[in-house]
Amino acid sequence: MSLIAVLAFDGVPGHQLTTPGLVFSAASGHHPWVDYDLRICAAPGFENTGGPAPFRIETPWGLEGLEDADTVLLPGCAGFRAEPAPAVTAALHAAVARGCRIGAIGTGTFVLAATGLLDGRAAATSRRHTEELARLHPAIDVDPDGAVVSHGPFHSAAGVLGGVDLCLHLVALDHGDSVVIETERQAFLQLRSPAGEVCATGPASSGGTLDEVIKWMEANLHHPLTLADIAERTGLGIRTLTRRFRAETGLSPLQYLLRARIQLVQRLLERTDDPIERIATRTGLGTPANLRHQFHRCTDTTPGIYRNAFRSLASDLTWADRDKDPEPLNSRRLGAGSARHP
C-alpha cells in the first residue's frame, strides 16, 4: 500500500483537495494490484477551503499524518506568499530525509519553495504566478510551460488541471502508462446509459445470478443479439429477464449490451489501428454511422477524438518511461501543456 498525505492549508481550492481522491481511488478501484490510501492532513491554521463557496472539513490528522506517508501533496492555498509555519518546514524536511516524495500543485509550489527544498531544482506553479515565483526564489528554475515538472523526489504542476496531471503522473511512476490510461478513462470518461445516467466502465459483472449470461453476451458482442436471444439463453421470459437485469445492474439487458459494446470500442480505439468500419463489425454495432452515434451518445465525444487523446497520452507516457530515462511526460487530455523532467 502507498500512503498519500494531502496537507491542507487554509484557503485550499476545493477541487485541489478532492482531485487526489478522485484519481487515486479510480486507480485502486479498477486495478487489484494497485493500492493507494489517502489521508487529508490539516496544516496549522487550517479552517476552510477557499473560493466563492468555502466549506469546512474535519480530519483527525495534523502534521503527524505526514510521518509515515510515502507521498506528500501540497495543494495551493490562500496565503501561499507567507512563510510556512516552522513546524511545516520541519515536517517536510523530515519527510524528504526519509525518502518521501513531495508533490506541489499550483501555488502549493510557493510553500515548498519557502522551505528551501527546491533550491537548485526545477519546478512549476500556476502560470500567472511563474514570474513571481522566479522573482521570490531565484535559486529555482521555474518552468513557465510545464504541466508537470519533476526533479529528484519533487514533482510540481501548473494549470487549472494541474492536480489531475500531477496525480496521474505519480500513478504512471508507480504503475506505468497502461494503468494511467485506464485510470483516466474511469475517472473522467464515464459511460452514460441511454437514459442519460452515468454508468461506470469497470468489468461487466452483476455480482448476482446473471454473471453467466453476461459472460456469454460479452463473448458474442459481434453477433446481432436480440432481447429474445438473451432471454432464450437464460431460460427466462423477457419480462422476468428485464426485471432481474434492472435489479442487479441498474440497466435493461439491451442497455447493458450497448455498454459492453462501447467498452469494447474504447479498448479497440486505444489498442489497435482498426478503422471504424472494422470496429463497428467487431463490436456488433453494424455500421460506422451507428457506432459514431452510439459512442457519442454514451461518452459525449467522438471515436476520432477519443482515439487521438488516448494515443497522445500513451505515446507521451511511453516516451517518459523509455529506459527509465527522465524525459518529457505530457498528461494532456485535450490541449494541456507539456511536462518537463530535468
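Predicted model: local features only at pLDDT ≥ 70, side-chain atom pairs only at ≥ 80, totals over all residues.
Residues are numbered from 1 along each chain as its sequence is written, and side-chain values use heavy atoms, with hydrogens and water left out.

Okay, the overall picture. The chain has 13 helices and ten strands; these are DSSP runs numbered from the N terminus, H or I of at least four residues for helices and E of at least two for strands. Of its 342 residues, 51% count as buried, and buried means under 20% relative accessible area, with exposed over 50% and partly exposed in between, using a 1.4 Å probe and protein chains only. Take the contacts between residues at least 6 apart in sequence: 63% of them join residues at least 24 apart. Contact here means heavy atoms within 4.5 Å.

Now the sheet. Six strands make an open sheet in the order β2-β1-β3-β4-β8-β7, and the pairing is mixed. Two strands pair if DSSP finds at least two bridges between them. At the edges you have β2 (36-42) and β7 (148-151), each pairing on one side only. On average, neighbouring strands are turned by 20° against each other, direction ignored. Inside the sheet, β1 (residues 2-8) and β3 (residues 71-74) run parallel and are joined by three bridges, with Val6 standing opposite Leu73 in β3.

What lies across β1, β3, β4 and β8? That's helix α2 (residues 86-97), running at about 130° to β4 (101-105). Then there's α5 (residues 162-175), which packs on the sheet and touches β2, β3, β4, β7 and β8, its direction making about 155° with that of β4. For these angles, axes are lines fitted to C-alpha atoms, for helices over the stretch in contact, and the angles run from 0 to 180 degrees between N-to-C directions.

On to the rings. We count four aromatic pairs. Rings of Phe, Tyr and Trp (its six-membered ring) pair if their centres lie within 6.5 Å; planes under 30 degrees apart are stacked, over 60 edge-to-face, and the rest tilted. One of them is Phe80 with Phe110, edge-to-face at 4.8 Å centre to centre and 65° between the planes. Phe80 sits in the loop between β3 and α2, and Phe110 is 30 residues away in helix α3 (residues 108-114). Both Phe80 and Phe110 are buried.

Another is Phe245 with Tyr256, also edge-to-face, at 5.8 Å and 70°. That one links α9 (residues 238-249) to α10 (residues 253-271). Phe245 counts as buried because its relative accessibility is 0%, and Tyr256 does so at 3%.

How do α9 and α10 pack? Their angle is about 55°, with the axes 8 Å apart. So α9 is oblique to α10; angles under 35 degrees count as roughly parallel, over 145 as roughly antiparallel, 65 to 115 as roughly perpendicular, and the rest as oblique. Among the residues making that contact are Leu241 and Phe245 of α9, and Pro253 and Tyr256 of α10.

The rule is NZ of Lys or CZ of Arg within 6 Å of the ring centre and within 35 degrees of the ring normal. Arg39 likewise lies over the face of Trp61, at 3.7 Å from the ring centre.
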